Amino acid sequence: MTEKLTDPSKPAHEIIEVLEDGDAIRNDGVRLQAANKNPWYVLATIYGEQAEEADIGNYDQILAAKNRRAWNGWSCRSLNDEERKKLAEKLDLPEIELKPLSDEEWDGINQEFALRMQRVDVEAVQISSIEDTYDFSQVYYNKPVVFDRFAFVGGALFGKAVFQNLAAFEHSVFRSATIFNSAKFLGYASFSFVKFSSVAGFGSVVFLGIADFIHARFNSMAVFDDAVSHDRMIFNNANFNGSIQFNHSKFITSIPQFHGAILSDGPVFSTRGSDQLFWPPIKGAIKTNEYHKPVSVMPAADQKRAYNRLRLFMNRSVQIDEEQFFNRQEMRCKREVEESKAMRLLYDLFERVSDFGSSVLRPAGWLFVVWLSGMIAKLEAVQGEWYPDWHSVPSAMGWSFANLFSFFGFHKRYFGEEELNAVLQVTGGVQTVAGFILLFFLGLGLRNRFRLR
């Protein structure tokens with residue numbers, strides 16, 4: 001794979017060259033079309049593009065409104081009055097903004113459209129001849145993209161697109177399948193208040209900046225498999241009426257936030273023991289790539305709240321293993337924010353001995369260590385040396401076992417009259433206390449491992 005890359009030290013999707021005509025060359029050799037060569041983008045920005053310095057809180061809203069009127073007038077031309085009324089309510093727009101364009105508007109837009117397409121040596125086509133699947137695939141957007149309150153009536157394809165700056169789809173409605181697979185967002189990506197009526201595909205998407213899905217509504221499946229988020233991913237107050245999948249998605253510096261979100265089904269994350277690499281460390285800074293300065297991870301207190309929310313989702317959907325994973329992550333965050341050194345030490349012991357109550361092997365292993373230590377101590381006391389005289393081994397094994405499991409009464413029955421020196425008395429007492437604690441952790445681990453509801 002690396003021999004096909006122009007620069008093996010950079011990821012395949014990295015832009016390594018921007019050509020004079022606006023096209024961009026990726027590190028894997030794929031050529032991305034300039035936005036102004038794409039007829040759908042030309043239509044969406046028919047009255048002009050946003051300034052390069054535009055951001056989510058500072059862009060030309062008058063220009064955006066004019067572009068929105070042209071787009072929605074075209075996109076909603078085939079809807080009847082009832083459909084147009086319902087869509088206007090979803091977009092929070094006056095119904096008149098979705099009315100078909102007048103002949104005068106059509107003429108002006110068609111002329112500008114043909115003129116802009118001719119400038120890039122593409123055969124001019126009438127807007128009315130474009131099919132209703134909006135294909136923005138493999139397009140390179142070097143300027144801010146503002147699709148505020150746009151109506152995407154047909155399918156919307158943004159696969160492998162690159163958004164160099166702001167990408168704002170706020171309050172827009174996607175009535176058919178929406179595909180952003182393998183797209184790359186280098187700046188702020190805002191999908192707040194967006195409504196996805198059909199499948200929303202964000203597989204293998206890369207978010208270098210904030211990904212904002214606040215108050216978004218997903219009426220069907222949402223797929224974020226293999227996505228990579230370098231910054232915050234916010235789903236606060238979002239509504240998921242279908243399943244949401246994050247299989248093998250990687251969160252570099254922040255935990256996805258679902259505060260106030262409503263889920264009809266439990267989300268799917270990578271949560272096996274080895275999958276901890278998909279989640280950020282509890283503290284420190286991460287260098288996301290060789291060009292960026294180290295970025296601080298989300299504070300442990302905020303991580304704790306985010307993990308707590310995910311744990312509750314897993315509990316409600318009866319995903320036991322996933323719930324235990326997020327419980328362990330939450331406990332690690334609690335240890336980090338704990339002010340008392342003594343309490344932090346207890347958290348450390350809890351993790352080492354039982355992996356926060358989820359492990360069976362760890363407490364079982366510690367029980368074996370404590371039992372073996374007691375046996376060796378007894379042999380050393382009886383023989384004057386620790387290595388075994390095989391005639392003494394069964395008795396030493398039984399004595400150590402009786403100390404660990406004192407509630408069986410073996411010690412009183414078989415070793416009650418035996419006189420012990422001070423060392424063996426202390427050893428026996430420590431074993432009895434340790435055995436009780438370790439058995440509790442062993443039972444807790446078995447319960448959590450085989451728990452059913």
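Guide: Start with contact, which means heavy atoms within 4.5 Å. By that rule Ser358 touches Gln324, Arg328, Gly445, Asn448 and Arg449, leaving out residues up to four places away in sequence. A word on the source: this is a predicted model, where local features need pLDDT of at least 70 and side-chain atom pairs pLDDT 80 or more, while totals for chains, interfaces and linings use all residues. Residues are numbered from 1 along each chain as its sequence is written, and side-chain values use heavy atoms, without hydrogens and water.

Visitor: Why is Ser358 called buried?

Guide: Buried means under 20% relative accessible area, exposed means over 50%, and partly exposed lies in between (1.4 Å probe, protein chains only). Ser358 has 8%, so Ser358 is buried.

Visitor: What makes the place of Ser358 a loop between two helices?

Guide: Helices (H or I, at least four residues) and strands (E, at least two) are DSSP runs, numbered from the N terminus. Ser358 sits between helix 7 (341–354) and helix 8 (361–383). The protein has 11 helices and 29 strands.

Visitor: What does the side chain of Ser358 reach?

Guide: The backbone oxygen of Asp355, at 2.8 Å. A polar contact is a pair of N or O atoms within 3.5 Å; within protein, one must be able to donate a hydrogen and the other to accept it, and residues adjacent in sequence count only if both atoms are side-chain atoms. At 2.8 Å, the pair is within the 3.5 Å limit.

Visitor: Why is Leu349 called partly exposed?

Guide: Leu349 has a relative accessible area of 44%, so Leu349 is partly exposed. Leu349 is found in helix 7.

Visitor: How do you know that Asp23 and Lys37 form a salt bridge?

Guide: A salt bridge is a side-chain nitrogen of Lys or Arg within 4 Å of a carboxyl oxygen of Asp or Glu. For Asp23 and Lys37 the N to O distance is 3.3 Å. Asp23 lies in the loop between strand 1 (15–18) and strand 2 (24–26), and Lys37 in the loop between strand 3 (31–34) and helix 1 (39–44), so the pair ties together parts 14 residues apart in sequence. Asp23 and Lys37 are both buried. The structure holds 17 salt bridges.

Visitor: What makes Asp28 and Arg26 a salt bridge, and are they buried or partly exposed?

Guide: Their closest N and O atoms are 2.7 Å apart, within the 4 Å limit. Asp28 has 23% relative accessibility, so Asp28 counts as partly exposed. Arg26 has 8%, so Arg26 is buried.

Visitor: How do you know that Asp148 and Arg68 meet in a salt bridge?

Guide: The N to O distance is 3.6 Å. The pair links distant parts of the chain, 80 residues apart: Asp148 is in the loop between strand 6 (145–146) and strand 7 (151–152), and Arg68 is in helix 2 (residues 61–75). Both Asp148 and Arg68 are buried.

Visitor: What caps the N-terminal end of helix 2?

Guide: Asp60 does, with a side-chain oxygen 3.1 Å from the backbone nitrogen of Ile62.
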